[in-house]
Amino acid sequence: MHIKKGDKVQVISGKYKGVVGEVKQAFPKENRVIVEGVNIQKRHTKPTQMGQEGGIIDKEGAIDASKVLLYSEELKRGVRTSIEFIDGKKVRVCKKTNEKFD
């Protein structure tokens, strides 16, 4: 998967197209990510203990990793990346500007 936890990404399709946010969590086996402020879902909860309040909680849901691109600060938009080996390490590199993301 081309996205990791903590990356700044831009959504490229769907209801939240154009939104830029940070990846909170990544699920490589399912090829899904949770992005801050994207795919907001409402959860209705009951109070489970004395004194605890129930109510409606907003939380982010997972979206497919193919719907996001790494965000380039240089170009101010999402960019495609390739992988290069530099000093024996895998590094993600922007295809247009050769900006390194790792």
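## Charge and surface

The chain carries 22 positive and 14 negative side chains, and the centres of these two sets are 5 Å apart. This is a predicted model, and every value in this report is computed from it. The chain exposes about 7,300 Å², of which carbon and sulfur atoms supply 48%, while 26% of its 102 residues count as buried.

## Strands and overall dimensions

The chain contains ten strands and zero helices, so its radius of gyration of 17 Å, well over the 13 Å that the globule rule gives for 102 residues, belongs to a chain that is more spread out than a compact globule. Taken along the principal axes, the box filled by the C-alpha atoms of the chain is roughly 55 × 30 × 20 Å.

## The nonpolar core

The largest nonpolar core has 14 residues, and those with the most contacts inside it are Ile3, Val9, Val33, Val35, Ile63 and Val68. Three strands, β1 (8-11), β3 (32-35) and β7 (68-72), each supply at least two residues of this core.

Ile3 can be followed in detail: leaving aside its neighbours within four places in sequence, Ile3 is in contact with Val9, Val23, Ala26, Val33, Val68, Leu70 and Arg92. Of these partners, Val9, Val33 and Val68 are also listed with Ile3 among the residues that have the most contacts inside the core.

Gly6 is placed in the segment before β1, and with a relative accessibility of 42% Gly6 counts as partly exposed. When residues up to four places away in sequence are not counted, Gly6 touches Glu22 and Val23; Val23 is also one of the contacts of Ile3. Gly6 and Glu60, which are 54 residues apart in sequence, have C-alpha atoms 15 Å apart in space.

## Two loop residues with positive phi

Asn31 lies in the loop between β2 (20-27) and β3, and its phi is near 60°, a positive value in a residue other than glycine. With a relative accessible area of 31%, Asn31 is partly exposed.

Asp87 lies in the loop between β9 (81-86) and β10 (89-94), and the phi of Asp87 is near 55°, again a positive value in a residue other than glycine. Asp87 has a relative accessible area of 79% and is therefore exposed, since exposed means over 50%.

How values were computed: Residues numbered from 1 in each chain as written. Predicted model: local features only at pLDDT ≥ 70, side-chain atom pairs only at ≥ 80, totals over all residues. Heavy atoms only, no water. Helix = DSSP H or I, 4+ residues; strand = E, 2+ residues; numbered from the N terminus. Rg over C-alpha atoms; globule rule 2.2 N^0.38 Å. Buried < 20%, exposed > 50% of the residue type's maximum accessible area, 1.4 Å probe, protein only. Areas by Shrake-Rupley, 256 points an atom, 1.4 Å probe, with all protein chains shown as cover. Lys, Arg positive; Asp, Glu negative; His and termini not counted. Charge placed at Lys NZ, Arg CZ, Asp CG, Glu CD. Core = buried A, V, L, I, M, F, W, Y, C linked by side-chain atoms within 4.5 Å. Contact = heavy atoms within 4.5 Å.
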